[in-house]
Amino acid sequence: ISRETGGQLRSVVGAPDLTRVHLVDELAETRPNDFVLLEDIHRLSAPVLALLAEAIAQGQVPSSDGQRLDRSRPFPLPDLLTIIGTTNVPGKLASSLSSRFLTLSIAPYSNVELKAIVVSIARQQGRDVTPQAARALAAAAEGSPRQASVLLETIALAAGQPRITEAVVREGLERAGMDTLGFWPRHRSYLRALLDAGDVGL
């Protein structure tokens, strides 16, 4: 979409150590029709999120010399700038910020879709993944392409070979903590807590 509108896509990975100066510098480089993708926006610190909400509300950011902010010389944001924030825990965002966004909920990917994604990623990496291995990785990814990619990379590196079979995947998943029923350690912890609690409701 950014190419079609003559803009650029700028990706910023949300991280607790990303500073307000860094965010301002990123926004100051934007041009009309640009898209700014803030991945895992919930991981940004409270001061950075507050500054972002302020920037969206006022259409401007403080100027920056690369080390500190100067609110006496605000820098206007360009027209038709689109800011996209991704998160899987929207409840962590303050209403002052979330209310500035149009919220779109995306359903988890199906195993069929994830299998195709795994095959595509493996091909790009020069790896040979059997259909059965791709299916096993898709089932373990819990609807997340990123999780599927991480699992593929982790298991491939541990295997030390370009061809990834279902047996290699099963061994890698077991080593990572998944049991034969497809439960990760945190799933088993949830079930154990429910069992210990006795009669509870969800």
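## Ground rules

Because the model is predicted, local features need pLDDT of at least 70 and side-chain atom pairs count only at pLDDT 80 or more, while totals for chains, interfaces and linings use all residues. Residues are numbered from 1 along each chain as its sequence is written, and side-chain values use heavy atoms, leaving out hydrogens and water.

## The chain as a whole

The chain holds eight helices and seven strands (DSSP runs numbered from the N terminus: helices are H or I with at least four residues, strands are E with at least two). Its radius of gyration is 21 Å, well over the 17 Å that the globule rule gives for 202 residues, so the chain is more spread out than a compact globule. That radius is taken over C-alpha atoms, and the rule is 2.2 Å times the number of residues to the power 0.38. Along the principal axes, the C-alpha trace spans about 60 × 50 × 30 Å.

Of the 202 residues, 32% count as buried. Here buried means under 20% relative accessible area, exposed over 50%, and partly exposed in between, using a 1.4 Å probe and protein chains only.

## Salt bridges

The whole structure contains 13 salt bridges, each a side-chain nitrogen of Lys or Arg within 4 Å of a carboxyl oxygen of Asp or Glu. One of them pairs Arg 10 with Asp 34, with the closest N and O atoms 3.2 Å apart. Arg 10 sits in strand E1 (residues 9-13) and Asp 34 in the loop between helix H1 (20-28) and strand E2 (35-39), so this pair links distant parts of the chain, 24 residues apart. Both Arg 10 and Asp 34 are buried.

Glu 153 and Arg 127 also meet in a salt bridge, at 3.3 Å from N to O. Glu 153 belongs to helix H6 (residues 145-159) and Arg 127 to the loop between helix H4 (111-124) and strand E6 (128-129), so the pair ties together parts 26 residues apart in sequence.

Arg 170 and Glu 166 form a salt bridge at 3.3 Å, N to O. These two lie four residues apart in helix H7 (residues 166-176), about one turn of the helix. Arg 170 is partly exposed at 44% relative accessibility, and Glu 166 is partly exposed at 32%.

## An exposed leucine

Leu 181 is found in the loop between H7 and helix H8 (185-197). With a relative accessible area of 66%, Leu 181 is exposed.
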